[in-house]
Structures are given as structure tokens and as C-alpha cells.
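The sequence and structure are shown first.

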Amino acid sequence: MALKTEPFVLNLGPLHPSTHGVFRMRLTLDGEVVINVEPVFGYLHRGIEKLAEQRTYTGVIPLTDRLDYVSSMSNNFGYVLAVEKLARISVPERAEYIRVIMAELQRIASHLVGIGSFCNEVGAYFTPFLYMWREREKIVDLFEMASGQRLLYNYMRVGGVSQDVPEEFIPALRRFLKQMPSYINEYERLLKENEILLARAKGVGILPKEVAINISASGPLLRGSGVKWDIRKADPYSIYDRFEFDIPTGSVGDCYDRYRVRVEEMKQSLRIIEQAVEQIPSGAVRSDVPHLIRPPVGEAYARIEAPTGELGFYLVSDNSIAPYRCHIRAPSLMNLTALREMMVGWKIQDAIIAFGSINITMGEVDR
Amino acid sequence: MTTTLSPGDVAKQISQRYADAVIETTDTAVLINSQFLLDVAAFLKDTPGLEFDYLTHITAVDYFEYFELIYQLTSIKHNHTVLLKTRCYGRENPTVPSVVSLWQGANHQEREIYDLMGISFEGHPNMKRIVLWDGFQGHPLRKDYL
């Protein structure tokens, strides 16, 4: 006689070590196999888009820090670009270089956290993570030198950056650039051919190219699926057209490909920073911008390649001192649409890895 | 560099297929009648030469008299982009067609607009609040909320 079975609903999160904050998934399971997944959002919703409507254009910058809180610099960058586009404000050369250096350092820092927590999910519990935390610490030290903060930097301003980097910053950055490649080699020795990582991540959570495009995926998730699309190359902003770098892509679109893309991107970011350090001019770091910015009536959309994907800010101005509307295109929210494609049909332990390989930050998803 | 297609040219192509769809074109965007939204979106997605395969983002703005919906479409193949706008009137139960059947990426964004702006999307597979809880009163991003 066949045993009668029925699907089982499992609530994963919101407080679970692999949900990167407060994210909940309602998984429907057939034995161990996931047959449906329903993401539940909102545990970190602070209404940032609404709050932005009541602040001055400059006053919104600290709010953007709190979007993807492991890459505050990138969020600042995207927002100030949008205001500059809206109000037609130019930025001094030195500030452009500082911004690029900060954004690329931030990409390395964010990818380190991404890869580290991905390894946690794969089963290498906290050893690789702490190695990566060690290097992230060096980047955070650099940020602290420049901005005085260690997590939410609030460093960029409309028309430049809040202050010039101190004298000791560039030598410290050069030291970091010298050390970092050997650290990346260390991770490669530890992880690249690691049997456990290969067994658990290779061929798991495949996201085909067409699906990745259709769900508006961006960042390493899109590139891992083999789409050569990076805003820094596809639609260069700031001064990215002056640097030489490659766009790493995956071939299959599995979790291992996404992990590889992140590692290769760190190397490319180092290349960009090296060129920027060589070229950085001296001079002012902030153009003359009034305390209260009143952009002309209109709209502007500016986007950057943040560590998690395409981060965009859509601003509407009614010629007052506060944005009429500030919409944030959060890459993590779109990337989460991939969950169903990546999880259904896989066992629950693979689903966790697939989720970890997207590398989301809830601050950005919920806003 | 991503080319921004001239709204006038895109509007001309749309008008050849759907004569009444385009209401007006501005410097930045094509404004279309919301009745034709799904048809025009499908047309933009599938027409060779345009092929907007990637939906960058959707958002809505509250202008009191009407809500304006903004669709930024991108073609990864041709690396060009266009801004599509549509309006819906009425504050009780404004509705526009959903584009989830064309771009899955619209799924969470349309739910977010429904949640915070109170615009329903017809044909959406799961039209529920997304960041706020069920039973929440009002739609906070509306200008008359607070």
C-alpha cells in the first residue's frame, strides 16, 4: 500500500542565520524537495522613499547609507549622481577620482562579505568568513580615515565629497593595493578547487541567461548567467571610461559561477583603483553648491553598478528644496525574483546556497 | 554608452501599429494611453530593432489629479533605452494593466507600487501588499497620506 504524503510548509526566517538580516521564505516541501517558494518582505521597511520627500537634497544622503548598509559608499554615489544630473552640477576632477576609488574599495568590501557568507552557507562555517573580514577591516580603516565612520560613511556630497582624504590615505591605499592580491590568492588556494565548495555549488541553482534578463536581474547574478552587462562599461558614469578593466562573466549560471564572478570582480576593482591612484590630480574636492539645492522642475534617473547590481535613483523635482519623489531602484529586490527559478526542484540545503549566492542586503530590499 | 532613443521616433513606430496609443511625447518620454499599455509594451519588447528585453524599473508618482507610471525599458542587445509613461486617474481604485506576463522583473515592483501608492495592476499573479502588512490602512507614498 502506498503511503499517503502531503506537502509540508516550512517557514524559514525572518530570524535565521542564512537569511542575511530579516528575510522570510515560505517554502513548500515535498519531503526534502522544494516545490514552491514565497518570499515575504518588509521586516526592515523604514519608508526611506517617503522620508526622502521631507528632507533637503543633501539631507537624503545619510538615508541612502542605510539602504545596502554593507556598501554605503556606492549608495551615496548613486544618489549624488542623480541630484547632479537633475540640478546640472559639475564635480571637480579630484572628487571624481576619490569617488571611484571609494566605490571600488566598497565593491571589494561588499564582495568579501558576499563570498564569506556564501561560504558559511556552503558549509565552511566562519573560517573563510573571518579571513575575509580581516581584509574588509583594512578597507574600513581606509574609509574611516576619509570619513570618520566605519559603516555608514555619509561621505559623498552633491558636487563632490564632504572632505579631502588626509595625507596618509594615499600611502595607506598603496600598501593595501600591494597586499590585497596575495590575500585573494590565499582565498583562491583555500576555495577555488575546494571539494566541498565544488560539490555543493557547481551545477546548483542554475539561472539561465534568458530568465536572468527577463527578471531584471543585475550585478553578479546577471553576469554569472553569462550576460556581459556592467553599467560601468555599458553606460559609463563619472570617469569610468578612463580606466581599463574587464567584465568577468560566468557560463552556466550556477552558484559557483556567481562566486567566481565576485572573485574576478575584486581583481578588476584593484586594477581600477591602481589606475586611479596613478592619475589622481590635486585640487578642490567640492564645487560651489548652495546649502539648499533647488533643481529646476524635471526628472532624472542616474544609475551605477553597485556591488549587488544596478542601483538607480529616479528623482522628480518641483523646484523646491526637497525631492518631490525619490524612487530607488534596488537591485536586490529584482534579484530576489530569481528565487523560484533557482530553488524549485532542489533540495532544501541547495535552496539555501542558491539564496546565499544572490547576496542580498535586506536594507535595500525593504528600504 | 547607452543611447536614449528619441521619444518622437519611438512614438512614430508605436503609432504605426496602434494609432491611438500615444497621447503625447515630451523631451524625455513617450506618454501612452494606459488601455494600450500591454499592447505597446509587447510591441516594444518584440519588434526587431527595438527589442526592449530588460525592464530597468517601474515607479509611480502622485500628481494629485493623476498618478503617473514610469517604465524605463532597456535593450541589452542594442544597448538603448526609452522612458514610457502612462497615467491613471481617480484615487479610489486606480488600475493599470500588469506587465508581469512580459517581464517577470515587474512582479515585486508592481506589488510595491500597489502597496505604497495604491495602484492595482490588472493581471498580476499575486496582487498583495509587499512591505507593509495585510490590513494596513492607506498607501503611504501618496501625497495626501501625511
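The buried residues of H3(B) are B:Ala106, B:Asn107, B:His108, B:Gln109, B:Glu110, B:Arg111, B:Glu112, B:Ile113, B:Tyr114, B:Asp115 and B:Leu116. The model is a predicted one. With eleven of its twelve residues buried, H3(B) is mostly covered. The cover over these buried residues includes H12 of chain A, as well as strand S4 (54–62) and strand S8 (120–122) of chain B. Helix H3 of chain B runs over residues 106–117 and reaches 15 Å from its first C-alpha to its last, close to the 16 Å expected at 1.5 Å a residue. After H3(B) comes B:Gly118, which has a positive phi, near 75 degrees.

B:Leu83 counts as buried because 21 other C-beta atoms lie within 10 Å, where the cut-off is 20 or more. Leaving out residues up to four places away in sequence, B:Leu83 touches B:Thr28, B:Ala29, B:Ile70 and B:Gln72. Between B:Leu83 and B:Phe43 there are 40 residues in sequence and 15 Å in space, C-alpha to C-alpha.

Chain A has 15 helices and eight strands. Its radius of gyration is 21 Å, close to the 21 Å that the globule rule gives for 367 residues, so chain A is as compact as a globular protein of that length. Further values for chain A are tabulated here.

| Property of chain A | Value |
|---|---|
| Box filled by C-alpha atoms, along the principal axes | roughly 80 × 45 × 35 Å |
| Buried share of the 367 residues | 52% |
| Share of contacts with a separation of 6 or more that join residues 24 or more positions apart | 71% |

Where the chains meet, 28 residues of chain A are in contact with 24 residues of chain B. On the chain A side, at least two residues each come from helix H1 (48–52), helix H8 (209–214), strand S6 (298–306), strand S7 (309–317), strand S8 (325–329) and helix H12 (331–335). By class, this side of chain A has 13 nonpolar, eight polar and seven charged residues.

The largest nonpolar core has 144 residues, and those with the most contacts inside it are A:Ala82, A:Val83, A:Ala338 and B:Val30. Helix H4 (residues 93–122) of chain A gives the most to this core, with 15 residues. Apart from neighbours within four places in sequence, A:Val83 contacts A:Tyr57, A:Val158, A:Ile293 and A:Leu315.

Note on methods. Residues are numbered from 1 along each chain as its sequence is written. Chains are lettered from A and ligands numbered from 1 in the order in which they are written. This is a predicted model: local features need pLDDT of at least 70, side-chain atom pairs count only at pLDDT 80 or more; totals for chains, interfaces and linings use all residues. A nonpolar core is a set of buried Ala, Val, Leu, Ile, Met, Phe, Trp, Tyr and Cys residues joined through C-beta atoms within 7 Å. Helices (H or I, at least four residues) and strands (E, at least two) are DSSP runs, numbered from the N terminus. Two residues are in contact if their C-beta atoms, placed from the backbone, lie within 7 Å. Ala, Val, Leu, Ile, Met, Phe, Trp, Tyr, Cys and Pro count as nonpolar, Asp, Glu, Lys and Arg as charged, and the others, Gly among them, as polar. The radius of gyration is taken over C-alpha atoms; the globule rule is 2.2 Å times the number of residues to the power 0.38. The expected span of a helix is 1.5 Å times one less than its number of residues.
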